[in-house]
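Here are my notes on the model you sent. They are set out as numbered points, to be read with the structure open.

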Amino acid sequence: LEVVVATYQTFMRNSPDRDEKRVVQPQITNRFWPDVCNALRGYEMLQDLFAMCGMVDERPYICEFKTHEEVLVVDGVVDHALCLNDSTMCCLTLQDKSIDAPMVAKQNSKSCSSAIAQVLSQIKAEVERINRAIRYVPEEYIGLLQNGIQWIAVSQKLVSGISMCYFCIASDVRGIVSLLEHALCTAAIIARQISYPNQRPQRRTFSPLPSIEEGGDNSGEDEDE
């Protein structure tokens, strides 16, 4: 997997065209994701994931965020989603940005960046889709964000029934590999729990994500790799 990540980063750094649609998205679909699958097929924990799921591009989603005065409706598209075969549910999202595009808020800013907020909305939509379909909320759900060089894992975790969000940033090959391995292992757990109800924890209720505008006590904690 380290070779796959290093090759991808080298291609992105050397690309004269930095555009998200023309360069980044096709590379993820046509080269990076197939290479990741091939590199990890020997891992026992991920065999079921690759058998049960496939990557879907341009997946529409809709979710709502409530503020004190209004309801904000987000109607967007996830660049790539790891979806269960023959199901409307997915266990991992991946959002692209143009090469080297900024993805985090300015230093000392207390608000999350628009890119991370976008991933939070995608996670919210997908978790709610799972909950509506089977009345189940995963203990952790991860959405990935990347610009060809830097990767961010945005995580929604259930802590004592309350939804909390964190994000982790990686730019070096080893850090990105660790981030991807954790994201895929988490996706594998979700896929199995969706497919096999007896593997789900005995819990069905949760507190939804806070509004992006309102923030929250733990709307994002930066954990640099």
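1. Which helices and strands each supply at least two residues of the lining of the largest cavity? In this predicted model, they are helix H2 (20–40), strand E3 (90–96) and helix H5. H2 gives the largest share, with three residues.

2. The lining of that cavity consists of Phe32, Trp33, Val36, Met55, Leu92, Leu94, Leu144, Trp151, Leu180 and Leu184. By class, the lining has ten nonpolar residues, with no polar and no charged ones. The space inside comes to about 60 Å³. Over the whole structure, the search finds two cavities of 30 Å³ or more. As background, empty space is located by rolling a probe the size of a water molecule over the atoms.

3. H5 (residues 173–195) also packs against helix H3 (residues 44–52). The two helices are set at an angle of about 65 degrees, and their axes are 9 Å apart. The crossing of H3 past H5 is left-handed.

4. On the H3 side, the contact is made by Met45, Leu46, Asp48, Leu49 and Met52. On the H5 side, the residues are Leu184, Cys185, Ala187, Ala188, Ile189, Ala191, Arg192 and Ser195. Ten residues of this contact are nonpolar, one is polar and two are charged.

5. For the chain overall, the secondary structure amounts to five helices and seven strands. Their order along the sequence is α-α-α-β-β-β-α-β-β-β-α-β. Of the 225 residues in the chain, 50% are buried. If contacts between residues at least 6 apart in sequence are taken, 64% of them join residues at least 24 apart.

6. Most residues other than glycine have a negative phi. Glu58, which is not a glycine, has a positive phi of about 55 degrees. Glu58 sits in strand E1 (residues 53–66) and is partly exposed, its relative accessible area being 39%.

7. The other residue is Arg135, also not a glycine, with a positive phi near 55 degrees. Where is Arg135 found? Arg135 belongs to the loop between helix H4 (114–134) and strand E4 (140–146), whereas Glu58 lies within a strand.

Conventions:
Residues are numbered from 1 along each chain as its sequence is written. This is a predicted model: local features need pLDDT of at least 70, side-chain atom pairs count only at pLDDT 80 or more; totals for chains, interfaces and linings use all residues. Side-chain values use heavy atoms; hydrogens and water are left out. Axes are lines fitted to C-alpha atoms, for helices over the stretch in contact, and angles run from 0 to 180 degrees between N-to-C directions. Helices (H or I, at least four residues) and strands (E, at least two) are DSSP runs, numbered from the N terminus. A crossing is left-handed if the near helix is turned anticlockwise from the far one by less than a right angle, and right-handed if clockwise. Contact means heavy atoms within 4.5 Å. Ala, Val, Leu, Ile, Met, Phe, Trp, Tyr, Cys and Pro count as nonpolar, Asp, Glu, Lys and Arg as charged, and the others, Gly among them, as polar. On a 1 Å grid over the protein atoms alone, a cavity is a set of points where a 1.4 Å probe fits but cannot get out, and a pocket is an open set with protein on both sides within 12 Å along at least five of seven lines; lining residues have an atom within 4 Å of a point. Grid points are joined across faces, edges and corners, and a volume is the space filled by probe spheres set on the points. Buried means under 20% relative accessible area, exposed over 50%, partly exposed in between (1.4 Å probe, protein chains only).
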